[in-house]
Amino acid sequence: MEKSRKKNLKEARTLQIWNVIYDVTEVFISLIAGITANSSALIGWALDSTIEVISAATLGWRLHGELKGMDEEKVKRRKKITLYVIAASFTLVCLFISYDSITKLINQETSNWSTLGLIILLVSLVVNPILIYYKRKYGNKLDSPALLADAKDTFICLYQTVVVLAGLLLVNWLGWWWADPVAALLIVPYAAKEGWEAHNKAKDINYNAE
């Protein structure tokens, strides 16, 4: 393995480690904020971020495997299993968000203000663009479709952050009680799309089972 590629692999792996650490923190804080404030959007955002944790951790493992010379068939097998887990997780997230949001729209339930939620959303608006930049940088350097796809997923997470933040502010400033569940529902199409793509990618992976 050439020296420069090995260096880039190590740096990309380190990036994914920090990505996992941040995402776990984000999930923990946003779940507490969402449950406390009865916010479908914050809870949905937190659940979607758990998929980001799985994706980043898997990608980090794959980069580590290349550094250590892991058997290619073993990498394919674990990647296939992980993609199916991600697809199933996205499906569950879509079902939960849809049920929770529609129920709150029917019952006209509103969320409460969450300062903790506001803080983690604003932090995410700063952190995610940085992650996107470096994932694209190393994705291009390593000619890695996986890293570039992960950058795309993080960009979608950035979009969702803006949507959830808008819902939170509209409920507080204008009293639009429906803004929170509607913001949560806007996450569903993207989560469904990512789940479907993960399922198709898993189907396309072939490996020797022996």
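Patches are made of residues with over 30% relative accessible area and no salt bridge, like charges being joined within 9 Å and nonpolar side chains (Val, Leu, Ile, Met, Phe, Trp, Tyr) within 5 Å. The structure described here is a predicted model, in which local features need pLDDT of at least 70 and side-chain atom pairs count only at pLDDT 80 or more, while totals for chains, interfaces and linings use all residues. Residues are numbered from 1 along each chain as its sequence is written, and side-chain values use heavy atoms, with hydrogens and water left out.

In this predicted model, Trp173, Leu174, Trp176, Trp178, Val182 and Leu186 make a nonpolar surface patch of about 610 Å², accessible areas being taken from the Shrake-Rupley method with a 1.4 Å probe and, for residues, with only the protein chains shown counted as cover. One of these residues, Leu186, is placed in the loop between α6 (179-185) and α7 (187-204), where helices (H or I, at least four residues) and strands (E, at least two) are DSSP runs numbered from the N terminus. Leu186 has a relative accessibility of 41% and therefore counts as partly exposed, given that buried means under 20% relative accessible area, exposed over 50%, and partly exposed in between (1.4 Å probe, protein chains only).

Empty space inside the model was then examined. Rolling a probe the size of a water molecule over the atoms shows where empty space is left. On a 1 Å grid over the protein atoms alone, a cavity is a set of points where a 1.4 Å probe fits but cannot get out, whereas a pocket is an open set with protein on both sides within 12 Å along at least five of seven lines, and lining residues have an atom within 4 Å of a point. Grid points are joined across faces, edges and corners, and a volume is the space filled by probe spheres set on the points.

The structure holds 2 cavities of 30 Å³ or more. The largest cavity, with a volume of about 40 Å³, is lined by Asp48, Glu52, Phe90, Asp153, Ile156, Cys157, Gln160, Tyr190, Ala191 and Glu194. At least two lining residues are supplied by each of α2 (40-68), α5 (145-174) and α7, and the largest share, 4 residues, comes from α5. By class, this lining has 5 nonpolar, 1 polar and 4 charged residues, where Ala, Val, Leu, Ile, Met, Phe, Trp, Tyr, Cys and Pro count as nonpolar, Asp, Glu, Lys and Arg as charged, and the others, Gly among them, as polar.

The second largest cavity has a volume of about 40 Å³, and its lining consists of Asn19, Asp23, Glu52, Asn128, Leu131, Lys135, Thr154 and Cys157. For this second cavity, α4 (115-141) gives the most to the lining, with 3 residues, and the lining residues divide into 2 nonpolar, 3 polar and 3 charged.

The largest pocket has a volume of about 770 Å³ and is lined by 32 residues, of which Leu59, Arg62, Lys79, Pro145 and Ala146 lie nearest its centre. Two or more lining residues are given by each of α1, α2, α3 (72-107), α5 and α7, with α2 contributing the largest share, 9 residues. The lining of the largest pocket comprises 15 nonpolar, 5 polar and 12 charged residues.

Backbone geometry was considered next. Most residues other than glycine have a negative phi, and most peptide bonds are trans. Asn38 is partly exposed, with a relative accessible area of 29%, whereas Gln108 counts as exposed at 55%.

A search of the whole structure finds 4 salt bridges, a salt bridge being a side-chain nitrogen of Lys or Arg within 4 Å of a carboxyl oxygen of Asp or Glu. In helix α1, Lys7 and Glu11, which are 4 residues apart, or about one turn of the helix, are joined by a salt bridge with an N to O distance of 2.7 Å. Asp100 forms a salt bridge with Lys104, the closest N and O atoms being 3.5 Å apart, and both residues are buried. The side chains of Lys193 and Glu194 also meet in a salt bridge (3.8 Å, N to O), and salt bridges that share partners join Lys193, Glu194 and Glu197 into one network.
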